[in-house]
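Welcome! Please open the structure in your viewer and keep the selection tool at hand. We will go from stop to stop together.

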Amino acid sequence: TCGGMRLQETWCPDNLPFLGSRTPIIGFGMSAISSSCQQNLIATIRKALSIGINHFETARFYGTSEMQFAAALKSMIASGEISRKDFVLQTKLILKGSIKEFQDQWNSSWSLFSILGHIDLLSLHGLNFEYHYKWTFENGKDSLMPFVQSLVAKGFVHHLGFSTHGMPQVVAKAISSGAFSYVNIHSHGVFGDYHGSGCPDGVGGFGHRHNVSLAREMDMGVFIISPFDKGGKLYQPSTLLQRYLGPDITPIEFQASYQWNKDLGDANTIVIGAAKPSDFDEVASIFERGLWEDPAHHLLVADIAKALQARLDEVCGGGEGALRRLYEGLPDLTDPRANGIAVAHVVWMWVLLKAFGLYDFCLERFVNLEAASKQWKADKSAEQNIEAWTFNPGRAPLSASEEIPAECLKDCPDPDRIRAIVKECYSWLAADGSAKPSLAQRQEWGWDAAYSLTTWPDYPGPVNVGAIISQRLTMGLMGGGGPKKASSDYRKEAQVTRKFWKDVAMRSKK
């Protein structure tokens, strides 16, 4: 799947024109998109279709992404380049406790996509918590399900699904409802399950692996969210991870092959969050190099998966199942006993650091927890604070001295070890961490980046209000992304950053 979260002009909502205009969108009278951004989006769509990717995923929440995809696809149909049957379109609407607010979202999306005749896949975006489930099914006249089912009955939408950053047991409940045709889920194999990592699944396991199996048993489609970003920032892997993978496969090639393998990830589709056409190259190389048809490649992927799992167990104490034992008894991120501290999430980061040196990835994740800490209200109960969370549940300890409540670790075999792990992880990653590694230390440990495939910032820039407003008010000079140098400079950078895996390809051919 081609994701639509990294190539739109801005995170600014498309219905706020006063923040908008640069130049008219190509071939459309809609508000304000730079021609270079739209040309890049169209080029990305063309590249995707040329290599067999025909599923495009966007969301009302993704700024101008819906508007730009609608315009691009319509213009390509009008020119005769493609037809409507050549692609599958998915968009997502944020869950709301008010049916009117949800219908307003739908009206905004449909005003753009009606020109395409229908939306193939409509997702409830962020069915993360128990109250989201209630909004969907048990909210009286404001319940969302009757309305979205009516969209299917009218032919506006062909299939309903949901996307989630939620806890395993809530996700299982939504899957088991029988109301959905597919699920967009974070299930990243040996690299964990993002927010679900280490959290109990209600059937004796942890994370979302059971939910993937459950969805498949119910004949639901399984869409893996962000396998290369939230699955370990694999486009900028650590030296240590690349060392463990060996010379014959890159992290992105491994993750894609793992997810598509029925005996491993068992996904129907994985999303590539493309910012530009060349972002498909490394996944496409699996087919261009003939690896997918080669039984030896699948044996290699399975062997590496076993080796990586053994490495995870090794840093958790050794012996098969050590990672599972470390997670045993940890509360999920919504357990009020933890007072908001994302215990399992932090333990997961510690494991990834110790096992694979994914420092850049874990640092980004910990920053999210610190942001949630700043929003935690001491004058409100844990339940009230938790209900304010949306897509990034859980907070970091407020300081190095904040203790995890004893009550929330009462089911852990070794609560003192969990406390020590959380403190050590805090010391490495927190803004005021006492043991933040220097670059020299990271290089010594293999925690530095082996390479980066990102040669310029994504067009929309950072996901924060200040960046969005400065981007719009300065006509894109501040806050946004996109190329800022000559294209020849980016080509040189791309050649350098991709040198490793191209060398691998050459060795493979020999």
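**Aromatic pairs**

This predicted model holds 25 aromatic pairs. Start by selecting Trp106 and Phe156: their ring centres are 6.4 Å apart and their planes meet at 20°, under the 30 degrees limit, so the pair is stacked. Trp106 belongs to helix α3 (residues 99–113) and Phe156 to the loop between α5 and β5, so the pair ties together parts 50 residues apart in sequence.

Next, select Phe191 and Phe356. Here the ring centres lie 5.8 Å apart with the planes at 70°, so this pair is edge-to-face. Phe191 sits in the loop between β6 and α7, and Phe356 in helix α13 (residues 343–356), so parts 165 residues apart in sequence are tied together. Both Phe191 and Phe356 are buried.

**Helices side by side**

Show α6 and helix α7 (residues 209–217), which pack at about 0° with axes 10 Å apart. That angle makes α6 roughly parallel to α7. On α6, pick Pro168, Val171, Ala172, Ile175 and Ser176; on α7, pick Asn211, Leu214 and Ala215; these residues make the contact. Six of them are nonpolar, two are polar and none is charged.

**Under cover**

Move to helix α4 (residues 130–137), where Tyr131, His132, Tyr133 and Thr136 are buried. Their cover includes β4, α5, α6 and α15.

**Confidence**

Finally, colour by pLDDT: the chain averages 89, but residues 18–32 stay under 50.

How values were computed:
Residues numbered from 1 in each chain as written. Predicted model: local features only at pLDDT ≥ 70, side-chain atom pairs only at ≥ 80, totals over all residues. Heavy atoms only, no water. Buried < 20%, exposed > 50% of the residue type's maximum accessible area, 1.4 Å probe, protein only. Helix = DSSP H or I, 4+ residues; strand = E, 2+ residues; numbered from the N terminus. Contact = heavy atoms within 4.5 Å. pLDDT = per-residue confidence, 0-100. Axes fitted to C-alpha atoms, helices over the stretch in contact; angles between N-to-C directions. Parallel < 35°, antiparallel > 145°, perpendicular 65-115°, else oblique. Nonpolar A, V, L, I, M, F, W, Y, C, P; charged D, E, K, R; others polar. Phe/Tyr/Trp six-rings, centres within 6.5 Å; stacked < 30°, edge-to-face > 60°.
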